[in-house]
Amino acid sequence: MKKIALEEHFISPGLIEYWQPTMTDVPKPIFDKIHAALTDFGDMRLASMDGAGIEKAILSVSGPGVQVEPDAARATAKAAEANDFLANVTSARPDRYLGFAHIALQDPQGAARELERCVRDLGFKGAMINGNSMGAYLDERQFDPFWAKAEELQVPIYLHPADPVQPYASFGSYKELTRATWGWGVETGTHALRMIFGGVFDRFPKALLMLGHLGETLPYLLWRFDSRAKLYGVSLKRQPSEYIKENIAVTVSGMFSAEPLNCAVAALGRSRVMFSADYPFESAAEAGHFMDDVAIDEALREDICWRNAARILNIPMQG
Ligand code: ZN
């Protein structure tokens, strides 16, 4: 079945300095392969998409990008440069490639302006933020101008996993629990919960957050959040689960497994779950085969594969 994929990565020349240090423990041949995939926008990427039935891919910077740049002015300039680079890619193949903006939140007003430029002038579909920005999280009031702009433009902000500011002490010497195994889920789920409990969606009720990995475990925990919010006297306009259902949409990136997919659909509804592969860090073919074969009804498969993304991101599709 045809698909739209939302968490598909690239790297531009100006951002390699941030990406390369995240790959130091990867053997050289694998590094070279991933680097080649991230910098290719031709036959290799298109063949991978074709093999998975991906008709359109929303491309985004492979993290952390300028989220880890200490100099705000440099971060802002490098983000704009990456967005211009991506605009050249998407305008060369508008039938296959769309874009998520790369945004330097170190300057919140500048972030709002760059988001607007990317959406209005470059035709991007929203933005992807790679975790905390130099220790700052998206619930902080300094980012209200950014959320106000995202709400005004009606574009989603995709929160991508990244490392925490400090390694979690509880992980001790278990390095294998960091990153994609468990640490990123804790960090990214926490980041999203900070937005909910910090009232971002009370201030911006039409804002839409996207999470990969079928919601970073949040769909599994709805009842528990509501129950504890009552116990602790949390004062929000809605129950925590309502924000998760109404202000968050999720993708299957890196979670090609029926049990969490069914949980996410049951928790968030059929209209909030979308396909993604996480190219080139996951096999697009494996993602595609999972999505084509998993035991769900055909109307739901169509919703997850492309209908939900087409509606939420306003992408014209035939059929
Ligand atoms: Zn990713």
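1. A disulfide is a pair of cysteine sulfur atoms within 2.5 Å, and a search of the whole structure finds zero of them. Take C263 and C305: the cysteine sulfur closest to that of C263 is the one in C305, 19 Å away, which is too far for a bond. C263 is partly exposed at 23% relative accessibility, while C305 is buried at 0% (buried means under 20% relative accessible area, exposed over 50%, partly exposed in between, with a 1.4 Å probe and protein chains only).

2. A word on what you are looking at: this is a predicted model, in which local features need pLDDT of at least 70 and side-chain atom pairs count only at pLDDT 80 or more, while totals for chains, interfaces and linings use all residues. Residues are numbered from 1 along each chain as its sequence is written, and side-chain values use heavy atoms, with hydrogens and water left out.

3. Now the overall form. The protein has 14 helices and nine strands (DSSP runs numbered from the N terminus, helices being H or I with at least four residues and strands E with at least two). Of the 319 residues, 56% count as buried.

4. Salt bridges are worth a tour: the search finds 23 of them (a side-chain nitrogen of Lys or Arg within 4 Å of a carboxyl oxygen of Asp or Glu). One of them joins R96 and D50 at 2.8 Å, N to O. R96 sits in the loop between α4 (72-92) and β3 (97-99) and D50 in helix α3 (residues 43-52), so this pair ties together parts 46 residues apart in sequence. R96 counts as buried, at 12% relative accessibility.

5. R141 and D144 meet at 2.9 Å, N to O; R141 is exposed at 57%, whereas D144 is buried at 13%. E298 and R301 have their closest N and O atoms 2.8 Å apart, and about one helical turn separates them, because they are three residues apart in helix α14 (residues 298-312). Here E298 is partly exposed at 48% and R301 is buried at 6%. Elsewhere, salt bridges that share partners link E17, E69, R74 and K78 into one network.
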